[in-house]
Amino acid sequence: MDALQLTGRDRGHIVSLATPRCLVHAAVVEPFLAMRDAAARAGFDLVPVSAFRDFERQRQIWNAKYRGERTVLDRRGRRVDVGAMVPGKRVETILLWSALPGASRHHWGSDIDIVDGRLVARGYKPRLEAPEYRRGGPFAALSCWLDLNLRRYGFYRPYTRAGAGVQPEPWHLSYAPVSHRALPLMTVDLLMSAIRGTGVQGETEILARLPWIRDRYVMGVDTPPRMRSRWARFNARRPAMVRPRSA
Ligand SMILES: [Zn+2]
């Protein structure tokens, strides 16, 4: 992926799937569909609610939160009024649950938010909140199946730790052979080139904190476990999948 692709400003690395309908990195198609088939055999309907998201979409989400037009939650998942916060605090609060435009793993197409489509078909509206994936929650059974099986297909969960940085997101899966190589390319300079003058609200506060934001919210993720799966090897043979920055 080049600089524009890493920051969601170009979609040359992305392909569109019809079933299930989603946009993902070209290298993710086969392992994701294989995992989805296996999940189907176990009785689940593994459906992406969000996969590739471009810079513009992330900018809209960010700006709506910054202006208080979209719900913002604190660390404990409670609604907060961002309008009452000074701009720096506002930026830090939004970052708990939303990526900075240009810094979202969804720009890479390697990361997918999933639900069990069986429940959605029966009218359940997913909120993408941790209790839905815990014991007793509607997606607990799928989550359990993923715990046991996702590594086999090269996937892992990058957000499992409470505390500093992004809060736990059990719905967010990442295809390690692509994302693990993309991560170190997310330099402060790259993020700055995506943010400066592109209409992201809170720009001054963001740029003043960029090294901190990168350390905490971009690099502060779980490392993928060692994988010896067929899908991990499949990708290791194709180093051209993730190219170094070219621009
Ligand atoms: Zn996600």
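Mentor: Leu-185 sits in the loop between helix H7 (176-182) and helix H8 (188-195). Helices here are DSSP runs of H or I with at least four residues, strands are E runs of at least two, and both are numbered from the N terminus. The model is predicted, so local features need pLDDT of at least 70 and side-chain atom pairs need 80 or more, while totals for chains, interfaces and linings use all residues. Residues are numbered from 1 along each chain as its sequence is written, and side-chain values use heavy atoms, without hydrogens or water.

Is Leu-185 buried or exposed? Leu-185 is buried, because its relative accessible area is 19% and buried means under 20% (exposed is over 50%, partly exposed in between; 1.4 Å probe, protein chains only). Now take its spacing. Leu-185 and Ser-174 are eleven residues apart along the chain. Their C-alpha atoms are separated by 16 Å.

Follow that link to Thr-7. Thr-7 touches Leu-190 and Ala-194, along with Phe-55, Gly-102 and His-107, once residues up to four places away in sequence are set aside. Contact here means heavy atoms within 4.5 Å. Thr-7 itself lies in the loop between helix H1 (3-6) and strand E1. Thr-7 is buried, at 0% relative accessible area.

Next, the strands that follow. Pro-20 is in the loop between E1 (14-17) and E2 (22-25). The bond from Thr-19 to Pro-20 is cis, with omega near -10°. Most peptide bonds are trans. His-25 belongs to E2. His-25 is buried, with 2% relative accessible area. His-25 and Gly-8 are 17 residues apart in sequence and 12 Å apart from C-alpha to C-alpha. Cys-22 is buried too, at 9%. Cys-144, in contrast, counts as partly exposed, at 46%. The whole structure has zero disulfides (pairs of cysteine sulfur atoms within 2.5 Å).

Leu-128 lies between helix H5 (117-121) and helix H6 (140-149). Its phi is near 55°, a positive value in a residue other than glycine. Most residues other than glycine have a negative phi. Leu-128 is partly exposed, at 23% relative accessibility. Gly-137 is also in the loop between H5 and H6. Gly-137 is buried, at 17%. Beyond residues up to four places away in sequence, Gly-137 touches Pro-131 and Glu-132. Gly-154 lies in the loop between H6 and strand E7 (155-156). Gly-154 is buried, at 0%. Its C-alpha is 9.1 Å from that of Pro-224, 70 residues apart along the chain.

H3 (55-66) is one of the elements that supply at least two lining residues, and others include strand E3 (46-50), helix H4 (87-94), strand E6 (111-116) and helix H10 (210-218). H3 has the largest share, four residues.

The largest nonpolar core has 66 residues. A nonpolar core is a set of buried Ala, Val, Leu, Ile, Met, Phe, Trp, Tyr and Cys residues joined through side-chain atoms within 4.5 Å. Met-35, Trp-62, Leu-100, Ile-114, Leu-146, Phe-155 and Ile-206 touch the most other members. Helix H2 (residues 29-41) gives the most to this core, six residues. Ile-114 shows the reach of one such member. Leaving aside neighbours within four places in sequence, Ile-114 is in contact with Phe-32, Leu-46, Val-47, Pro-48, Tyr-133, Leu-142, Leu-146, Trp-171 and Leu-173.
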